Amino acid sequence: MGHGNSNKLYITHAEHAGEFGQHSASSGYKAKLQPFNHPVCARNGDGTGFVFDLVNIIPWLKQHNNENPITKEPLAPSDLITLHYSRKTSGEIHDPISFKPFSEHSHIVAIATTGNVFLAESIKGGKDLLEDAKFKKEDVITLQNPHGLPPSSIINPGATAIVKKDEKSKPATVKAISEVKGKAAVPWNISPYSSGAPGASLTSTSVDPQTQSSQLLWDEEELMFEEMSNPPKGKGKEKDVGKRRAYVRVVTSLGGSLNLELYCDKAPKTCYNFLMLARAGKYDDCLFHRLVPGFMVQTGDPTGTGSGGESHWGTPFRDEYDMRGAAKHDSRGIVAMANKGAGTNTSQFYVTFRATPNLDNKHTVFGKLVGGDDVLDALEKLPRKDGTERPAKPVRITEIIIHQDPFETHKTRLARKLARRAEAQDDSEKQPDKTQGDDINWFGVKVSTGDSAFGGGAVGVGVGKYLGIKRPLNQVTPGVQANDVGDDTKKKRKIGFGNFDSW
């Protein structure tokens, strides 16, 4: 269970603290408790501060023109704040109020006005108990906060005033934010998996609480590489390999060019790295720094030493010789990546003079020579310096011309697709325009009014001329005599005492 030579069934404090690897959950802002004699503090704009020894920081500032060695911001010697630590007789640093010793898990703060150093729990009340002096919230400097809590100091008082001024308009701001959240578009590269932030915040004390689930986003470049390596399905589409390959011309100082075909379908990330470096001009004026006749010629190092060069991402990237259908070193003119081991590809590449199967599963093949055999022959015949593999005559890459790039085609196609999707989404959200006749029901009556759509007034001449007509009580129905109406009235049964007006 234990690390090292320990056979204990539990992890000891030393192992947990980092003797055999860091296991602590406290990964926030930490200060290294190194020995010092004259501690001073350099204050940062976010309320934190860095502790230096006066005898070390002053020579640094003089040598580097008053520049903070950590933040690279201007720092004058007058800006340094002298700190006063409390020590026990044994020399251990502790809090002067609670007498708790400082450790790597302590939340340590300093007061800018007095320079006294406390634990954060000892400065509640806004008063320095050692000097019996009051201090403001912006005078608190966070020297160490291992749990990643937000700094308790606010340097800019104007920001506080602006916040207080805008508190009255808080409801309107909340409403605007809710509207923006409601209209936020769903990313096209969203995945069905969660990012795990709510679970991490629930089980870890160093992660800020997360109450809403968030989905993980696929890397856009990795999706492009996957689509490039998987041919489309359909009749005849598998044979259309030329659209998924790049064609470039490497112009050399010998007066000729090497025409290369890049296997974007077999090594998509390697080809994308080569094309992006070529577009950025990283290969221009690169020297062919290594030549082994009968084996290969190597280039791609901007420094010309054979030990330089960076990838498009600035870091080494993975090999692709283990992908399905990966190309092999099976002929002359194979283009492959040079590396220092597994997963160390940067910018250097080589062109073979013969088949080299011993390099398979060690170097990623991403292209081959399709034109310029005479230039390759001239490179192989170049003389070398005695005892080295460097050509005696310097030969350089003048420029690289890209004739076809399937990645740019993919990006253009994707941009058009996303534009059409956004346009369709906007059209679905728009209210349909009201055309003439939309406010008329199938009875011929206008909605929300009692008027007929085919004529003025309540009585119309269309389908609904008999609907919604209010007849007065004294109106006589056609075909019925007035006497008949009177007789019907007399025949009605009288209810109650009647009318006593004749009395």
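## Nonpolar cores

In this predicted model, the largest nonpolar core has 39 residues, of which Leu262, Phe274, Phe366 and Phe407 touch the most other members. Such a core is a set of buried Ala, Val, Leu, Ile, Met, Phe, Trp, Tyr and Cys residues joined through side-chain atoms within 4.5 Å, where buried means under 20% relative accessible area with a 1.4 Å probe, protein chains only. Helix H7 supplies the largest share of this core, seven residues. Helices here are DSSP runs of H or I with at least four residues, and strands are runs of E with at least two, numbered from the N terminus.

A second, separate core of 14 residues includes Phe36, Cys41, Ile108 and Ile141.

## Packing of H7 and H9

Helix H7 (residues 268-279) packs with helix H9 (residues 406-429) at an angle of about 95°, their axes being 10 Å apart. H7 is therefore roughly perpendicular to H9, a term that covers angles of 65 to 115 degrees. Pro268, Cys271, Tyr272, Leu275 and Arg279 of H7 make the contact with Phe407, Glu408 and Lys411 of H9; contact means heavy atoms within 4.5 Å.

## A three-stranded sheet

An open sheet has three strands in the order E7-E6-E10, with antiparallel pairing; two strands pair if DSSP finds at least two bridges between them. Strand E6 (residues 108-111) is joined to E10 by four bridges, and Ile108 has Gln144 in E10 as its bridge partner.

## Basis of the model

Residues are numbered from 1 along each chain as its sequence is written. In this predicted model, local features need pLDDT of at least 70, side-chain atom pairs count only at pLDDT 80 or more, and totals for chains, interfaces and linings use all residues, while side-chain values use heavy atoms, with hydrogens and water left out.

Notes:
Axes fitted to C-alpha atoms, helices over the stretch in contact; angles between N-to-C directions. Parallel < 35°, antiparallel > 145°, perpendicular 65-115°, else oblique. Buried < 20%, exposed > 50% of the residue type's maximum accessible area, 1.4 Å probe, protein only.
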